[in-house]
Amino acid sequence: MKWFLAACAFAAVVGLAIGTATIRAENIRRRALLQRMTERLDALRVGRAAERARLEEGREPDRLVLRWAELSEALERRLLR
């Protein structure tokens with residue numbers, strides 16, 4: 001009887017070890033997946049920030065052109081007086 005109990009205890013310990021290894025392997029796989037997703041999201045954020053900066057730069061000359069036109073018109077009005 002004690003051999004039977006020892007065998008059951010050994011089987012339980014082996015089962016727990018296998019279960020633990022399986023859970024750890026799944027955790028490692030999921031962490032790697034989360035890391036890849038995080039890296040992709042970070043790359044998208046950086047890309048969007050760069051695009052936003054590029055677009056903001058593109059808008060700045062428009063403002064300067066409009067301001068130049070306003071100042072030119074004001075100068076012309078003063079000169080024509």
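I begin with a contact: the side chains of E26 and R30 form a salt bridge at 2.8 Å, N to O. A salt bridge here is a side-chain nitrogen of Lys or Arg within 4 Å of a carboxyl oxygen of Asp or Glu.

Before going further, some remarks on the source. This is a predicted model, in which local features need pLDDT of at least 70 and side-chain atom pairs count only at pLDDT 80 or more, while totals for chains, interfaces and linings use all residues. Residues are numbered from 1 along each chain as its sequence is written, and side-chain values use heavy atoms, with hydrogens and water left out.

Helices (H or I, at least four residues) and strands (E, at least two) are DSSP runs, numbered from the N terminus. R30 is partly exposed, at a relative accessible area of 49%, and E26 is partly exposed as well, at 29%. In these terms, buried means under 20% relative accessible area, exposed means over 50%, and partly exposed lies in between, with a 1.4 Å probe and protein chains only.

R29 has a relative accessible area of 46%, so R29 counts as partly exposed. Taken together, E26, R29 and R30 are linked in a network of salt bridges.

How many salt bridges does a search of the whole structure find? The search returns 4. Among them is the pair D42 and R45, whose side chains meet at 3.1 Å, N to O. These two residues are also in helix α1, 3 residues apart, and so are separated by about one helical turn. D42 is partly exposed at 36% relative accessibility, whereas R45 is exposed at 53%.

I turn now to the chain as a whole. The chain has 1 helix and 0 strands. Its radius of gyration is 35 Å, well over the 12 Å that the globule rule gives for 81 residues, so the chain is more spread out than a compact globule. The radius is taken over C-alpha atoms, and the globule rule is 2.2 Å times the number of residues to the power 0.38. Along its principal axes, the C-alpha trace spans about 120 × 10 × 5 Å.

Two distances give a view along the chain. M1 and Q35, 34 residues apart in the chain, have C-alpha atoms separated by 51 Å. For Q35 and L55, which are 20 residues apart along the chain, the C-alpha separation is 30 Å. Q35 lies in helix α1 and is partly exposed, at 44% relative accessibility.

What share of the 81 residues is buried? Buried residues make up 0% of the chain. The chain exposes about 7,900 Å², of which carbon and sulfur atoms supply 65%. Accessible areas come from the Shrake-Rupley method with a 1.4 Å probe, and for residues only the protein chains shown count as cover.

On that surface, M1, F4 and L5 form a nonpolar patch with about 400 Å² of accessible area together. Patches are made of residues with over 30% relative accessible area and no salt bridge; like charges are joined within 9 Å, and nonpolar side chains (Val, Leu, Ile, Met, Phe, Trp, Tyr) within 5 Å. M1 is placed in the segment before α1 and is exposed, at a relative accessible area of 75%. F4 lies in helix α1, which covers residues 2-80, and is exposed at 52%.

I close with charge. The chain carries 17 positive and 11 negative side chains, and the centres of the two sets lie 14 Å apart. Lys and Arg count as positive and Asp and Glu as negative, while His and the chain ends are not counted. The place of a charge is taken as NZ of Lys, CZ of Arg, CG of Asp or CD of Glu.
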